[in-house]
Amino acid sequence: MSAKAISEQTGKEFLYKYICTTAAVQNRFRCATFTADTVWDRLAQDHPWLLTERLIVKPDQLIKRRGKLGLVAVDLTLEGVQEWLKSHMMTEITVGKAKGILKNFLIEPFVPHYKEEEFYVCIYASREGSQVLFHHEGGVDVGDVDTRAQRLSVRIDDKLTEEMVTQQLLIHVTDEKKEVLASFIMGLFNLYEDLYFTYLEINPLVVTKDGVYVLDMAAKIDAAADYICKAKWGDVEFPPPFGREAYPEEAYIADLDAKSGASLKLTLLNPRGRIWTMVAGGGASVVYSDTICDLGGVDELANYGEYSGAPSEQQTYDYAKTILSLMTHEKHPDGKVLIIGGSIANFTNVAATFKGIVRAIKDYQGPLKEHEVTIFVRRGGPNYQEGLRVMEEVGKTTGIPIHVFGTETHMTAIVGMALGHRPIPNQPPAAAHTANFLLNTSPNAATPARTRNPSFSEHKLSNNVTDVMTPTAGAPPAKPTTLFSRQTKAIVWGMQTRAVQGMLDFDYVCSRDEPSVVAMVYPFTGDHKQKFYWGHKEILLPVYKNMADAMKKHPDVDVLINFASLRSAFDSTMETLQYPQIHTIAIIAEGIPEALTRKLIKSADEKGVTIIGPATVGGIKPGCFKIGNTGGMLDNILASKLYRPGSVAYVSRSGGMSNELNNIISHTTDGVYEGVAIGGDRFPGSTFMDHVLRYQDTPGVKMITVLGEIGGTEEYNICQGIADGRITKPVVCWCIGTCATMFSSEVQFGHAGACANQESETAVAKNQALREAGAFVPNSFDELGDVIKFVYDDLVANGIIVPAQEVPPPTVPMDYSWARELGLIRKPASFMTSICDERGQELIYAGMPITEVFKEEMGLGGVLGLLWFQRRLPRYACQFIEMCLMVTADHGPAVSGAHNTIVCARAGKDLVSSLTSGLLTIGDRFGGALDAAAKQFSKAFDSGLLPMEFVNKMKKDGMLIMGIGHRVKSINNPDMRVQILKDFVKQHFPSTQLLDYALDVEKITTSKKPNLILNVDGFIGVAFVDLLRTCGGFTRDEADEFVEIGTLNGIFVLGRSIGFIGHYLDQKRLKQGLYRHPWDDISYVLPEHMSM
């Protein structure tokens, strides 16, 4: 959603803080909010003027015409305000069809004034610019300002001046107030633009001899501009429409939406309702709500919402569990239904999103069965067969009744089934599997000829030049009638390799001679080549760092497909508009601020460029060209016969619904000639009428389909075009959003533009107007396919359309990754791992989510147990591991490892190189004795050798006993590290058999030489063997294997790395120079000089 209403207090705070005007704005920041939780003493302390001023009090909950409803109390003392609030706080009132509780009030100073001092001013956004309305008679009786007020249109990029305001708006204002009002309106307009307001109304605006007073204010801001205005806005709280509560679950989903590149929306309409929806797609979600209401379910419809834009499995899980939690709060006597619907996805992996929903269903299977929930599923798109399979499977395993349907079933048919208006088929017809479309089953593997006749009667241009309407003198350049042909060349902005490969596969299956994508632009890498497939063959496409190079090297390009993010889409599109070779730009990003979009539209109109989008999937011209992910995967391209042109052209707002139109039209006619999704924003780059007129002027188009929606008035232009005779081809039209008039409170649907601001913008009004104008309008979306078929059959019967014979398209090999996703192939993995999984939403160590690791305070020892030993170790074992790391962390700068690290650091090497040089010295003679000591002592102990026999055997074999001996420490100067570890082990280990054996060996060796003690390496080695053998977590074979594969040396390596890094940082901090070993510490022993 883009334009969002803000509270009156928020709007006034913005005005008082940021308006720049010479007019004296009075009562700045004198606004006090009162709720049920407000403490009067604290409020008076924060706003001392409450004790001295006469006051006004009113609810601040987006209620229109509060004065006429008797909801404004004026000229009161603080005690009077308190009394008034006692009778109004938490009371239920009805405004229109909406019932709501009064709970948020605004208290301000009362302003005594005369009626003639009241004025009305309003600024709102339109496609061409901003409209400023002013009326010299404001207040509650202002009436129909649209017809009575003076109006000033400020076009995009034009500047408003005080002279314009005075001459065009203030013609009925007395001279002494003109200067003040002109300055204030100027400041207000600049504020409106700077803070990205979309609507700003003040009524009344009072002007007295003391200055200007803003009494009542209503405002909306463009929520998409948050990244621009965050510093000024702060954290804006958007109140819900009156009559609808703000639920924490809605806030939770809004937060998920803000953190995701996908779209996640949720509005609770009736939490006690029995009909719940979980619909994919902004347009589809409206269609499902329409159908539910058409079938009498409006009073039981619990929620409106949508998920789209390829959310991850985890995001879908979070969304689904929120809805399942809400719908299982309280029981309904008739049970409940959950409609999991959607159109045919363009790029969302249906299986991935359904796996998230399935996880949520499994988690809530108990409550779902307890509340007698029945689930109906209908979906199509990439990998939808696997998605439907897992959904069907979870129904069988949980016992929850789940009815599953694919693209063979009309999109909204499941609504009739869920509400009992149509029977549930026992065995729906199985849709063809993706693999059946894509794999070449012909014994002849050769690709069919790429040049073939078009399948249907397609208008052929006499040359490859795009036909352009001749502009009138002085008018901006005319836009082309034909946007795409079989020779269209495009540049893609953004590293969208999947979308580009989809375009190339479409080109190939359409038998194009050359790929439609000739280059990509991606500013975040240097110029390079990117590999793609053209049929069976690998090709390279250039990727440029900047647009200028791409345009210069590819002068035949005339289309840009812009996948830039919402933050950079404006700049990259404006840059592209500087190149006259471009005549069409598709902007995919959703969430571009309206003010920036309108600047793009103005610039594009001036240059004769057609913009498709923003917030769109794009468009498709079968047999010629497709934009990005439009049309979905190749299985849908082929099923909907989009590889060759038909006779029906369509225009839609919704990208997902455009794919559903592809499906409907392919089943009811000879197919699609061209289809465009103009995008869901309030001000799309091109309009319905722009494309309908193109289709009217295109000979190959025989009939036109328009899928409009609630919000805006663009559909009335089609009515006018039919009435004027400009549009003569049959137009089938349906506007979605008819349910909105049945809701008691305003609902913002999935698209930013899907909200009616007046009666004429409702879907019901527009459908009626289209019907009266002569368009073919069904009674509901359910009947849209029937009406399209009726019109098509009539055109065929009259010989206007002559269906041609089908020609099979070339086969395209399936990508390996997609074939694996569909389960069609298998391949042994190059690596196996069993300790960690980072693929999900949460990192997992040996089966334990990272949040659990922290929740249970497992510490470093516990993490090491999970990653090294793949199991949870006892608390004492984790503590022992951490103690080992502590005592082995360092042993001074003189040992070989630390010495090497220091020398390397002083030679200017980096941390990793210096650390590595130290680690490479670890072996049997330095630090690496842990493994060797553990093996030697274990072997001797397990063989039954007495300690004396073991010592004698090692001496006889000429071998050192690993872990015995120290250069400095001795029996008389014990190593405190060993003593600390020994005390802990003796206290906590269940058994210390091997340690006791090693200590007996130490008694023998120290009797010969006092420094032949059990050193820290040896102690850790034998103690670890005791730990592995006796902690209860390992079998004897597992314990021996961990010793054998070098696990214990890892303790020393990990611990000593801490010290080595410390030495590196120490040398850098001390600014030590290059190390050179002194001569006097080197004994030079050279051969004697031999004379000749």
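Here are some numbered notes on the chain, from its overall build down to single residues.

1. First, the ground rules. This is a predicted model, in which local features need pLDDT of at least 70 and side-chain atom pairs count only at pLDDT 80 or more, while totals for chains, interfaces and linings use all residues. Residues are numbered from 1 along each chain as its sequence is written, and side-chain values use heavy atoms, with hydrogens and water left out.

2. The overall build. The chain has 38 helices and 35 strands; these are DSSP runs numbered from the N terminus, with helices being H or I of at least four residues and strands E of at least two. The C-alpha atoms fill a box of roughly 115 × 90 × 85 Å along the principal axes. Of the 1092 residues, 54% count as buried (buried is under 20% relative accessible area, exposed over 50%, partly exposed in between, with a 1.4 Å probe and protein chains only). Take the contacts (heavy atoms within 4.5 Å) with a separation of 6 or more: 73% of them are between residues 24 or more positions apart.

3. The largest core. In soluble globular proteins, nonpolar side chains tend to be buried together. A nonpolar core here is a set of buried Ala, Val, Leu, Ile, Met, Phe, Trp, Tyr and Cys residues joined through side-chain atoms within 4.5 Å. The largest one has 105 residues, and those with the most contacts inside it are Ile561, Phe625, Val706, Ile718 and Phe781. Helix H16 (residues 497-509) gives the most to this core, seven residues. Apart from it lies another core, of 74 residues, including Ala23, Phe189, Leu200 and Leu596.

4. A look at Ile561. Setting aside neighbours within four places in sequence, Ile561 has contacts that include Trp493, Met503, Ile588 and Phe625.

5. Thr412, in a loop. Thr412 sits between strand S19 (402-405) and helix H14 (413-418), and it counts as buried because its relative accessible area is 0%. Beyond four places in sequence, Thr412 is in contact with Val287, Tyr288, Thr291, Phe781 and Asp782. Thr412 and Asp782 are 370 residues apart in sequence, yet their C-alpha atoms are 6.7 Å apart.

6. Helix H29 (residues 875-887) has 13 residues and reaches 19 Å from first C-alpha to last, close to the 18 Å expected at 1.5 Å a residue (the expected span is 1.5 Å times one less than the number of residues). Its buried residues include Tyr876, Phe880, Ile881 and Leu885. What covers the buried residues of H29 includes helix H28 (859-869), helix H34 (976-988), H36 and H38. Val863 lies in H28 and counts as buried because its relative accessibility is 19%. The C-alpha atoms of Val863 and Cys878 are separated by 8.6 Å.

7. A pocket worth a look. On a 1 Å grid over the protein atoms alone, a pocket is an open set of points with protein on both sides within 12 Å along at least five of seven lines; a cavity is a set where a 1.4 Å probe fits but cannot get out, and lining residues have an atom within 4 Å of a point. The second largest pocket has a volume of about 1,100 Å³, a volume being the space filled by probe spheres set on the points, which are joined across faces, edges and corners. Its lining has 32 residues, with Ile964, Gly965, His966, Arg967 and Asn1015 nearest the centre. The largest share of that lining, three residues, comes from H33.

8. One cavity. The structure holds one cavity of 30 Å³ or more. The largest cavity has a volume of about 70 Å³, and its lining includes Tyr16, Arg30, Glu108 and Tyr213. Strands S7 (104-109) and S12 (211-214) are the elements that give two or more residues to this lining.

9. Most residues other than glycine have a negative phi, and most peptide bonds are trans. The bond from Asn203 to Pro204 is cis, with omega near 0°, and Pro204 is in strand S11 (residues 197-208). The bond from Gly613 to Pro614 is cis too, with omega near -5°. Pro614 is in the loop between strand S26 (610-612) and strand S27 (619-621). Ala615, found in the loop between S26 and S27, has a positive phi of about 60°. Arg65 has a positive phi of about 55°.
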